[in-house]
Amino acid sequence: MRNPLPVRSRSICLFLLLLCGSSLAQAWAATPPGQSCPQRDGDTSRPRIGLALGGGGARGVAHISVLRKLEELKIPVDCIAGTSMGSLVGGLYAAGVPIEDMEALVLETDWKRLFDDSIPREERSYRRKQDDRDGVATLGVGLGKGKLEVSPGMLQGERILAMFERKTLAVSTVTDFDKLPIPFRATGTDLNTGESVELGSGSLAEAMRASMSLPGIFQPVQIDGRVLIDGGIAEQVPVDTVRRMGADIVIAVDVGTPLTKLDADASMLQVISQLTGMLTVGNTRTSTAKLAEHDVLIVPELGTEVTTGDFAKAKEALLIGAEAAEAATSSLAGLPRYRGAPPAPFKAPPTPVVEFVRLENDSRYDDEVLKAIVDVPVGRPVDPDELEEATLRAYSQGTFASVTYEVVEEDGRTGVVFKAREKPQGPNYIQAGFRLETDFSGTYESSLRVGLLRAPVTPYGAEARVLLALGSEPGLQGEYYHPFDPQARWYFYSRLGVQNRSMPYFNDVGDRIATYDSWVGGARASLGRTFGLYGAAELGIERSESRAGLDVGDPALPDIEVGTGAWFGFVSIDRLDSLYFPRRGYWARLDYRGTAGWLGGEADFEEAGLDVLGATPFGRHAIQYGASYQSTLSGTLPLYERHSMGGRGRLVGFRYNELVGQNYAVVMLGYSYQLAEVFGRSAVVGSTFEYGNAWDLRRDMDWSDGIFNGSLYIGFDSWIGPMLFGYGMREGGNGVLFLEIGKPF
């Protein structure tokens, strides 16, 4: 005879399930019909299930594992609301992106690169490549209307938005989020009222980006007249939002960061972080307290193992999310299941063809300038990679707050709409830089530079700038760049300035015997022609006056006054990924200068030079190779025009300016190893092997007079120029310890 206990137990369980089902049905029946959350399988006899995915940065990767568990249990998801990282996961899932693709996305994405809006240096315009030679950085501060204007965030999130656009391309023309494969809402916070804002229409990618606008990190997003920041400030876990969509049952997933225990010695940054955490933790408690008995709350135990910024730990977040979903299986077991087959996976439509391109240009640039930069052809299928490159090319001009695109459908035609918005702190931007140079043996120079850049000055993108240098080499310089056409193929460039420079004078054995204090004032103007992004040629004239007085040394040495009037020309090609620590690409420049009597001045000379530099990477390793040759073909160069040698790439075993001559020749072979990359800028260790010399007379130039030099160094390609510390040695001489930050004025 069978034991009656199991039968009785099964009867009790069946009774409880029927009771729960009855209560659940009553709760569902009491809920007004929701237009935004219909049963996806058409089974109107069951409650509607909504998913509320909370924010948490990298911790939100755990959401993907929860979605996988719901699919395994065949629990229907009829609508989704997401905040911040929850809006990314929820938005992609609502757009029909399979879970396998989302897992691959979070595991394979180069997150450091994704949070970097810059483009590779070799892909910038020739004008922007020259910024590296200035030794100043734009600070994100502008001067306008008699006051300082500060950038609203460090990052715009151009690459992130482009990634959203790429992954949601299949539904890019859907502007009503109720018509997505799964109805969806992203939540943001109104910066001016603090209210939660539900985004249910417009661009899905832009809504997801707005929900992730972390204050101070990402610039806010303006949608329908409201300025939006991270949705977690007002509603970290969007329970109310998904309930308003019509969900009868809510599955809420909280991946927020708990508050940290601080003491009285907490730093200012820790206190600010804690205050922000109080906002999100507080509204999370309020939201989850509204969950009913039949709702389910899942809280992955991420602890300190995966923090908000730990995107490199996506694998760990997925694992912890899976553990939390498994632990919640008993709670999920009582929820309705698909009675028949689940809805068929979303099938992406064929890639549309671009039939038109339109600009929404909210900037001082002419539309033709932007069209020339984005350059998206009509008549070809939409290419997300091409569109991303186009927006980044425009954004890299440095004066746009954002450049975005949308794939739209208008009157039955598919097109791409580019939206460009100028930086609010422009068009007058403050720049700053610092320079320090020492060989720890008596040579020490430092200067602080401050600049004011106005861009654009004209609709075609003219730029004007004033730079002031204080310190060892004070100076004042103004420059003006004026393109003549939207493509900036032809341009005019002029510069006017004055500089004070200390010029050491060494004897034949390398001892400093005098120092001259020189003032040089001059002006130059040129016409140029660019060749795509790669190079340019210029032809121009210059006029300068100089006075060099003896500062330290033998009083018998004379003061020098000389004026120079010359014409010049050069051709340059620049495809290097970095001007100072290159790992790939090449650079070359051929130039000529010669005095002209009709320009005035006493100097009489002509000189020509050739510089070549290339680099080839091998993983983290790279080889550099180059040569420099400069020769005074006739006449005599003024003192301040003579070429000084010393330092990496210019005979590193000599102190700065230790070798001075009218002619020089150097060949170089280098090696570097990339220690790290910070927003596209490399930190490296390396070495160089150099051979060459400097000569005063061209007839004395002889390769047999060359001197072998070598170095070991560590460096960082910073935003204000190279930061370099190393040791140089030369054949038959003493070693030199050197430190260099920034570039000369």
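## Exercises on salt bridges and helix packing

Asp-485 is buried, having a relative accessible area of 9%; buried denotes under 20%, exposed over 50%, and partly exposed the range in between, for a 1.4 Å probe and protein chains only. The model is predicted, so local features require pLDDT of at least 70 and side-chain atom pairs pLDDT 80 or more, while totals for chains, interfaces and linings use all residues. Residues are numbered from 1 along each chain as its sequence is written, and side-chain values use heavy atoms, without hydrogens and water.

**Exercise 1.** Describe the salt bridge of Arg-244 and locate both of its residues in the chain.

*Solution.* 
1. The partner of Arg-244 is Glu-198, with 2.5 Å between the closest N and O atoms.
2. Arg-244 belongs to helix α9 (residues 239–244) and Glu-198 to strand β7 (residues 196–199), so that the pair, 46 residues apart, links distant parts of the chain; helices (H or I, at least four residues) and strands (E, at least two) are DSSP runs, numbered from the N terminus.
3. Arg-244 is exposed because its relative accessible area is 55%, whereas Glu-198, at 32%, is partly exposed.

**Exercise 2.** Determine whether Arg-593 and Glu-607, which form a salt bridge, are buried or exposed.

*Solution.* 
1. The closest N and O atoms of Arg-593 and Glu-607 are 2.7 Å apart.
2. Arg-593 lies in strand β24 (residues 585–595) and Glu-607 in strand β25 (residues 604–618), 14 residues apart.
3. Both Arg-593 and Glu-607 are buried.

**Exercise 3.** Characterise the packing of helices α2 and α11.

*Solution.* 
1. Helix α2 (residues 62–72) packs against helix α11 (residues 314–327) at about 40°, with the axes 7 Å apart; axes are lines fitted to C-alpha atoms over the stretch in contact, and angles run from 0 to 180 degrees between N-to-C directions.
2. The helices are therefore oblique, since angles under 35 degrees count as roughly parallel, over 145 as roughly antiparallel, 65 to 115 as roughly perpendicular and the rest as oblique.
3. Residues in contact (heavy atoms within 4.5 Å) include Ile-64 and Val-66 in α2, and Leu-318 and Ala-322 in α11.

Conventions: A salt bridge is a side-chain nitrogen of Lys or Arg within 4 Å of a carboxyl oxygen of Asp or Glu.
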